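Open the model in your viewer and keep the selection panel at hand.

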Amino acid sequence: MEKKTTVISPEQKRRQEGFCGEIREYWQAQGITPIAFVDTYGCQQNEADSERIRGMLDACGYGMTDTEEGADIIVLNTCAIREHAEQRVFGNVGALTHTKRRHPRQKIFLCGCMMGQPSVSDRIKHSYPHVDGVFSTHHLWQFPELLWRVLKTGKRVFSVEDEAGSICEGIPVVRTNPLKAWVSVMYGCNNFCSYCIVPYVRGRERSRLPEDILSECKELIAQGYKEITLLGQNVNSYGKDLDLGVDFADLMASVAQLEGQFRLRFMTSHPKDASKKLFDTIAKYPKICKQFHLPFQSGNDRVLKEMNRRYTSAQYLELVEYGRKLMPDLILTSDVIVGFPGETEEEFNDTLKLIEKVRYDALFTFIFSPRGGTPAASMPDPATKAEKNARFDRLVTLQNQISEEKHRAYIGSVQRVLVDGRDGDLLTSRTDGGRLVRFMGEDALIGSFIDVKIADCTTWSLFGERVD
Ligand code: SAH
Ligand code: SF4
Ligand code: F3S
């Protein structure tokens, strides 16, 4: 039977708020102000979810801390994208036996993408008895109820049933960055790229209503946020499930037309359905950053087919060409996987050739990691680890050279940046295209848009001076 998106009703929401009230009273009765530690692994989607977890904990009366030690609750929001991410989580969960021994009332919850895999939740159940609660991304909105059950009964809870996914509006949010906000526009993914675990752990694509997204953005701008990033695993699918005649480009245009001084970004677009209309929209609105993150994964058509990406390298290059013609200064970034099962030396060279053709401003590079249950995990994979590592190093060397050359070309130019913090003696800021710029200045500049003349660079960042 096909599973359907669940829209959480106002009554169900109120029920959860009721549990928040119970938890507040539970602690008040003991004269304790409880504290929480929320640790996030993985992508911006998880960062956004963690801000909701903090919001719900805040509604339950918890203050926040940035260490496991002495926390009354620890929530680890986990990522399943590569094996390494999972190993880190298991290692850190193991170590929590000690913090719990020192603070016996500590409760430990695990959530996020890893918990959407039955093999993982079973392992937690049987081998990590100090973990009190586990829930998958589908059950995020029920966190107050799960926490209440643990506090009241002392028994462990597991809420990991597989579902198509839910949409729950109005979960409270405690944001970590005072300038930059994540706004999820949709959840889940239908693409089933053959290497990827996301569709299995985050369910099917489902879009939030445009009016809910717009009112969240309006509120953020009124609160003084200077940068909004619209999030989705495949934003080009936005709205397809709603039937309102609003696509992602329309949504971007509506947000970009809101009053106020802010920048608008988005992540991530799939090349198979990144529309020319989206490029046109980026070009049209000054508030939309002239940056496009367009993952290509491989430059070889056989590998792309095996990855189930459903575009060819020629189609990809055509999109890039369209974007660059429209916006010569467009900043392009991408994701690439090295060592997909069966990738030959020649096929890998096609990836290098594509990188040389496009000349990305930055690349996120990954070595293929088999994920249980995905088709690629059972494909023959004759290349050795050493071969894959060598390819990876060649790719990174090439990209570093390009990144540095691109950075060098900034020297002498004036860039509009958003000042976002301090790192030692220098302020940190980002250009419209997301490049990191450091310069001397007062803390009072944090949060403002200013012009900086670029004087020097490294592979990773630019250095400049403020111009009045
Ligand atoms: N939805 C986004 C990407 C989400 S995951 C998109 O389709 O572009 C972020 C990146 O992790 C992917 O783009 C891919 O490059 C990488 N990745 C995903 N699964 C992987 C795996 N099994 N091994 C190595 N890298 C992987
Ligand atoms: Fe994974 Fe592909 Fe979906 Fe991205 S589009 S989340 S890589 S399945
Ligand atoms: Fe990881 Fe889940 Fe994001 S698997 S990369 S946290 S969607």
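**Salt bridges, then ligands**

Select Glu51, Arg52, Glu169, Arg175, Arg208 and Glu216: a network of salt bridges links them. A salt bridge here is a side-chain nitrogen of Lys or Arg within 4 Å of a carboxyl oxygen of Asp or Glu. By that rule the count is 34.

This is a predicted model, in which local features need pLDDT of at least 70 and side-chain atom pairs pLDDT 80 or more, while totals for chains, interfaces and linings use all residues. Residues are numbered from 1 along each chain as its sequence is written, chains are lettered from A and ligands numbered from 1 in the order written, and side-chain values use heavy atoms, without hydrogens and water.

Next, select arginine 202 and aspartate 49, whose closest N and O atoms are 3.1 Å apart in a salt bridge. Arginine 202 lies in helix H6 (residues 198-202) and aspartate 49 in helix H2 (residues 44-59), so the pair ties together parts 153 residues apart in sequence. Helices are DSSP runs (H or I, at least four residues), numbered from the N terminus. Arginine 202 is buried at 5% relative accessibility, and aspartate 49 is buried at 8%; buried means under 20% relative accessible area (1.4 Å probe, protein chains only).

Keep Arg202 selected and show ligand 3. What surrounds ligand 3? Its shell holds Arg202 together with Gly42, Cys43, Asn46, Cys79, Ala80, Ile81, Cys113 and Gln233, taking residues with a heavy atom within 4 Å.

Finish at ligand 2, where the surrounding residues include Gln233, His270 and Arg309.

Definitions and conventions:
Helices (H or I, at least four residues) and strands (E, at least two) are DSSP runs, numbered from the N terminus. Buried means under 20% relative accessible area, exposed over 50%, partly exposed in between (1.4 Å probe, protein chains only).
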